[in-house]
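Please look over the model below before reading on.

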Amino acid sequence: MTEPIDPDADPRVPARAHLPVLCVIALGGGLGALARYGLSVALPTPPGHFPLATFVTNVAGCFLIGVLMVLVTDVWAAHRLTRPFLGVGFLGGFTTFSTYAVEIHGLLRPGTVGTAFLYLGGTLVCAMLAVLAGVRSTRWAVA
């Protein structure tokens, strides 16, 4: 039998053993969602304008997942709940694909189609570059 893709969700482990993982994911997700809400309040987007709060949230979350994955795989002997709490929970609750999709849809109107495509492509490119920057900068910092 091969190793599970996600070691935090090994089906060979009894369900009750997953309770701590589920609890830290829920806690982290709630905190991440609160942080995202805080950014949306700090950076409100007027109708028809570039959704800066969601853009910053998603790009920052991608950078942070790059940092986290280097730390928990290459640097630390991390506690088994660190990655579920920070990666799945906090960063999963912080970043948002659904809001990104809804905002693109809302911008696909006469006069803002260019903004929609700038947001669509800009987020994807910047998010990928942010993960790469997070990985490389963390590897450089710990070297």
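Rings of Phe, Tyr and Trp (for Trp, the six-membered ring) are taken as a pair if their centres lie within 6.5 Å; planes under 30 degrees apart count as stacked, over 60 as edge-to-face and the rest as tilted. This is a predicted model, in which local features need pLDDT of at least 70 and side-chain atom pairs count only at pLDDT 80 or more, while totals for chains, interfaces and linings use all residues. Residues are numbered from 1 along each chain as its sequence is written, and side-chain values use heavy atoms, with hydrogens and water left out.

Over the whole structure, a search finds five aromatic pairs. In one of them, Phe 50 and Tyr 119 have ring centres 5.3 Å apart and planes at 75°, so the pair is edge-to-face. Phe 50 is in the loop between α1 and α2 and Tyr 119 is in helix α5 (residues 113–142), so this pair links distant parts of the chain, 69 residues apart. Helices here are DSSP runs (H or I, at least four residues), numbered from the N terminus.

How accessible are Phe 50 and Tyr 119? A residue is called buried under 20% relative accessible area, exposed over 50% and partly exposed in between (1.4 Å probe, protein chains only). Phe 50 is partly exposed at 27%, whereas Tyr 119 is buried at 0%.

Another pair is formed by Phe 90 and Phe 94, whose ring centres are 6.0 Å apart with planes at 15°, so this pair is stacked. Phe 90 and Phe 94 are four residues apart in helix α3 (residues 82–94), which means about one helical turn between them. An α-helix has 3.6 residues a turn, so residues three or four places apart point the same way. Phe 90 is partly exposed, with a relative accessible area of 24%, and Phe 94 is buried, at 7%. Ring pairs also link Phe 50, Phe 55, Phe 97, Tyr 100 and Tyr 119 into a cluster.

Two packed helices are described by the angle between their axes and the distance between the axes. Axes are lines fitted to C-alpha atoms, for helices over the stretch in contact, and angles run from 0 to 180 degrees between N-to-C directions. The axes of α1 (residues 19–42) and α2 (residues 52–75) come within 8 Å and cross at roughly 145°. Here Arg 36, Leu 39 and Ser 40 of α1 make the contact with Ala 53, Val 56 and Thr 57 of α2, contact meaning heavy atoms within 4.5 Å.

α1 and α3 pack with their axes 6 Å apart, at an angle of about 35°. Among the residues that meet are Val 21, Val 24, Gly 28 and Gly 32 in α1 and Phe 85, Val 88, Phe 90 and Phe 94 in α3. The buried residues of α1 are Val 21, Val 24, Gly 28, Gly 29 and Gly 32, and what covers them includes α3.

Finally, Asn 58 lies in helix α2 and is buried, with a relative accessible area of 8%. Leaving aside neighbours within four places in sequence, Asn 58 is in contact with Thr 95, Thr 96 and Tyr 100.

Conventions
Helix = DSSP H or I, 4+ residues; strand = E, 2+ residues; numbered from the N terminus.
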